[in-house]
Amino acid sequence: MAYADYAYYSEIYKGTLSESDFQRLSERASDYIDGRTNYILKTADISEDMEERVRKACCALAEIIENINTGGIKTRETVGNYSVGYASGVKISPEKKLDDTMQLYLADLVKAVKWI
């Protein structure tokens, strides 16, 4: 089960993914969090603040996974005669992007858990 639901994502986090995309990607994001934290969140008694940060991390990771899957951050889109453009520049590995995002939201947890 994902750490964040679509209501949280759209109303609190203010994300822009569709509901079906978020549901699919948030499951993968939650799996990534669990794998990188040795599943500690499944058994740990965590504070309300940490629960909130985990939900935010799940939302952010879902968006990062979408960006990885689509080839990058969309910088332009045209509807008539469909056109799309993605940002280019410094290439960072997908794992680094995901880990950096987790570090942003879950730094305290990351310090307490040995990374794989």
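Predicted model: local features only at pLDDT ≥ 70, side-chain atom pairs only at ≥ 80, totals over all residues.
User: Which secondary structure pattern does the protein follow along the sequence?

Analyst: Helices (H or I, at least four residues) and strands (E, at least two) are DSSP runs, numbered from the N terminus. Here you get 4 helices and 2 strands, and they run α-α-α-β-β-α.

User: How do I read the crossing of H2 and H3, and at what angle do their axes cross?

Analyst: Axes are lines fitted to C-alpha atoms, for helices over the stretch in contact, and angles run from 0 to 180 degrees between N-to-C directions. In this case H2 (residues 19-36) and H3 (residues 48-70) have axes that come within 8 Å and cross at roughly 110°. That makes the two helices, H2 and H3, roughly perpendicular (65 to 115 degrees). Their crossing is right-handed, meaning the near helix is turned clockwise from the far one by less than a right angle.

User: What kinds of residues make up the contact of H2 with H3?

Analyst: Contact means heavy atoms within 4.5 Å. On the H2 side, Phe 22, Leu 25 and Ile 33 are among the residues involved, and the H3 side includes Val 54, Leu 61 and Ile 65. The contact residues split into 12 nonpolar, 3 polar and 3 charged; Ala, Val, Leu, Ile, Met, Phe, Trp, Tyr, Cys and Pro count as nonpolar, Asp, Glu, Lys and Arg as charged, and the others, Gly among them, as polar.

User: How many of the 116 residues are buried, as a percentage?

Analyst: Buried means under 20% relative accessible area, exposed over 50%, and partly exposed in between (1.4 Å probe, protein chains only). Of the 116 residues, 36% count as buried.

User: Which residues other than glycine have a positive phi?

Analyst: Lys 14 is one, with phi of about 65°. Lys 14 sits in the loop between H1 (6-13) and H2, and is exposed, at 60% relative accessible area. Asn 38 is another, with phi near 55°. You'll find Asn 38 in the loop between H2 and H3, where it is partly exposed at 42%.

Key: Residues numbered from 1 in each chain as written. Heavy atoms only, no water. Parallel < 35°, antiparallel > 145°, perpendicular 65-115°, else oblique.
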